[in-house]
Amino acid sequence: MSIYTCKDKTNLPDPLEAGWKGEKVCEVIENTAKLRVLKCRFPPSVGHERHYHKPHVGYTLVGGTFQITDAQGTREVEIPTGYSL
């Protein structure tokens, strides 16, 4: 059986492969050909190195302030507990 991946033609890593300063921040909860569920933990001052996502769904178990860098630049955003994207 194949597994789901976010690999594409960019040189950016898949979210599971991208960690933080050499340490993993995500673990696989489920992985099939059609669905992959990751649980990612970000203690204070821990982030996620730049990576690539295919269209996806996210859910925040515990909210907090996140610093996001994307094509629009870097900004801080408040993500509430229970937020889905």
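Predicted model: local features only at pLDDT ≥ 70, side-chain atom pairs only at ≥ 80, totals over all residues.
**View 1. D14 and R36 meet in a salt bridge.** The nitrogen-to-oxygen distance of the D14–R36 salt bridge is 2.9 Å. D14 lies in the segment before strand 1 while R36 belongs to strand 2, so this pair ties together parts that are 22 residues apart in sequence. The side chain of R36 also counts as making a polar contact with the side chain of D14, at 2.9 Å. How accessible is R36? Its relative accessibility is 15%, and because the cut-off for buried is under 20%, R36 counts as buried.

**View 2. The whole chain, for orientation.** The chain has zero helices and four strands, and reading along the sequence gives the pattern β-β-β-β. Of the 85 residues in the chain, 15% are buried. How confident is the predictor here? The mean pLDDT of the chain is 87, with 89% of its residues at 70 or more. Confidence is highest in strand 1, at 95, and lowest in strand 3 (residues 64–70), at a mean of 87.

**View 3. A disulfide joins C26 and C40.** The sulfur atoms of C26 and C40 sit 2.0 Å apart. C26 is in strand 1 (residues 26–31) and C40 is in strand 2 (residues 36–40), so the pair ties together parts that are 14 residues apart in sequence. Which hand does the C26–C40 disulfide have? The torsion about its S-S bond is about 105°, so the disulfide is right-handed. As for accessibility, C26 counts as buried at 7%, whereas C40 is partly exposed, with a relative accessible area of 32%.

**View 4. R41 and E27 meet in a salt bridge.** Have a look at the side chains of R41 and E27, whose nitrogen-to-oxygen distance is 3.7 Å. This pair links distant parts of the chain: E27 is in strand 1, R41 is in the loop between strand 2 and strand 3, and they are 14 residues apart.

**View 5. D70 and R75 meet in a salt bridge.** A search of the whole structure finds three salt bridges, and the D70–R75 pair is one of them, with a nitrogen-to-oxygen distance of 3.1 Å. D70 is partly exposed, with a relative accessible area of 32%. R75 counts as partly exposed too, at 37% relative accessibility.

**View 6. I29, L35 and V37 form a nonpolar patch on the surface.** Here the interest moves from charged side chains to nonpolar ones. Together, I29, L35 and V37 have about 230 Å² of accessible area. Where is L35 found? L35 is in the loop between strand 1 and strand 2, and it is partly exposed, with a relative accessible area of 39%.

**View 7. K21 and S45 have positive phi values although neither is a glycine.** K21 has a phi of about 55° and lies in the segment before strand 1. S45 has a phi of about 70° and is found in the loop between strand 2 and strand 3. K21 counts as exposed at 67% relative accessibility, and S45 counts as exposed at 71%.

**View 8. E49 and K21 are 7.8 Å apart, C-alpha to C-alpha.** How many residues apart in sequence are E49 and K21? They are 28 residues apart in sequence. E49 is found in the loop between strand 2 and strand 3, and at 33% relative accessibility E49 counts as partly exposed. K21, by its own value of 67%, counts as exposed.

Terms used: Residues numbered from 1 in each chain as written. Heavy atoms only, no water. Disulfide = S-S within 2.5 Å. Helix = DSSP H or I, 4+ residues; strand = E, 2+ residues; numbered from the N terminus. Buried < 20%, exposed > 50% of the residue type's maximum accessible area, 1.4 Å probe, protein only. Patch = residues over 30% accessible without salt bridge, like charges linked within 9 Å, V, L, I, M, F, W, Y side chains within 5 Å. Areas by Shrake-Rupley, 256 points an atom, 1.4 Å probe, with all protein chains shown as cover. Salt bridge = Lys/Arg side-chain N within 4 Å of Asp/Glu carboxyl O. Polar contact = N/O pair within 3.5 Å; in protein donor to acceptor, adjacent residues only side chain to side chain. pLDDT = per-residue confidence, 0-100.
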